[in-house]
Amino acid sequence: MSSSNPAVNDGPGANKPMLNDNRAPGRGGKTTRAKSEIRRHAILKATIRVAAKDGIKGIKHRSVAREAGVPLAATTYYFRDINELISDAFMLYAKEAGAELKAFHDTLNLVLDGVPAEQLRRGAEFRPELCQRLTDFARAWMQEQFTRRREQVLAEQVFLMEALRDDRLARVARRYRQSWIDGLEQLLVRLDSPCPRQDGTLIVNVVLGMSYDLLLEVPGTEAEVLSASVARIVQLALGVEPEDLRAP
């Protein structure tokens with residue numbers, strides 16, 4: 001006779017232990033997707049390194065797979081062709097570099113937050129001191145770019161040059177460059193620039209040119225000259241003359 005207790009199962013299979021599976025549904029799928037994304041990211045980072053070492057022409061499925069330490073088939077699995085691999089690598093570079101640039105802009109904005117609004121006006125008494133503080137931050141940032149991030153900056157130049165021939169890369173390059181200008185424009189508005197958009201564009205153009213010269217090791221780009229160039233850029237942006245900085 002069957003038990004009236006619904007918790008008791010004396011039918012077929014009654015002696016089989018009941019499973020207590022606490023795993024969340026789809027957990028295995030999420031883990032697989034996470035591992036897949038990690039491998040894809042590693043391939044893109046390897047592509048950036050290959051670009052820095054060997055240029056665009058050095059980016060091949062085999063060279064990238066070797067650099068990433070993955071099977072050759074992995075690069076063709078994640079990327080339809082070599083152009084997609086190059087484009088996605090540049091997008092990743094632009095995303096990461098953009099995050100670092102935003103952090104730099106945020107730091108400068110924090111400096112400005114501590115300055116009374118009237119002292120941010122052109123011609124204000126505090127202007128030369130503010131110019132010096134911003135110059136110090138800009139110098140430190142430039143130095144970091146060409147020491148800790150030299151490989152990435154070299155890859156940036158490679159991608160930007162290739163963007164002149166590749167429409168897909170050109171779209172990424174324009175967005176990347178625009179993010180530089182937008183952040184600078186916001187800072188320059190706060191600094192009472194009469195032409196913040198134009199000034200931001202000029203600064204980006206000058207910095208990109210300086211980057212090229214530094215990577216090319218053009219004479220005159222030594223640390224002292226670079227430091228003086230950065231100082232002059234900030235002075236022009238803030239409307240401060242060198243003699244104002246030397247005043248007692």
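## Helix α9

The buried residues (under 20% relative accessible area, with exposed over 50% and partly exposed in between; 1.4 Å probe, protein chains only) of helix α9 are L226, V230, A231, I233, V234, Q235, A237 and L238. This is a predicted model in which local features need pLDDT of at least 70 and side-chain atom pairs count only at pLDDT 80 or more, while totals for chains, interfaces and linings use all residues. Residues are numbered from 1 along each chain as its sequence is written, and side-chain values use heavy atoms, with hydrogens and water left out.

Helices are DSSP runs of H or I with at least four residues, strands runs of E with at least two, numbered from the N terminus. Helix α9 covers residues 223-238, 16 residues in total. From first to last C-alpha α9 reaches 23 Å, close to the expected 22 Å, where the expected span is 1.5 Å times one less than the number of residues.

## Salt bridges

The structure holds 15 salt bridges, each a side-chain nitrogen of Lys or Arg within 4 Å of a carboxyl oxygen of Asp or Glu. E185 pairs with R197 at 2.4 Å between the closest N and O atoms. E185 lies in helix α7 (residues 167-190) and R197 in helix α8 (residues 196-216), so this pair ties together parts twelve residues apart in sequence. E185 is partly exposed at 22%, and R197 is partly exposed at 31%.

R165 and E162 form a salt bridge at 2.7 Å; R165 is exposed at 67%, whereas E162 is buried at 16%. A network of salt bridges links E100, E144, R148 and R149.
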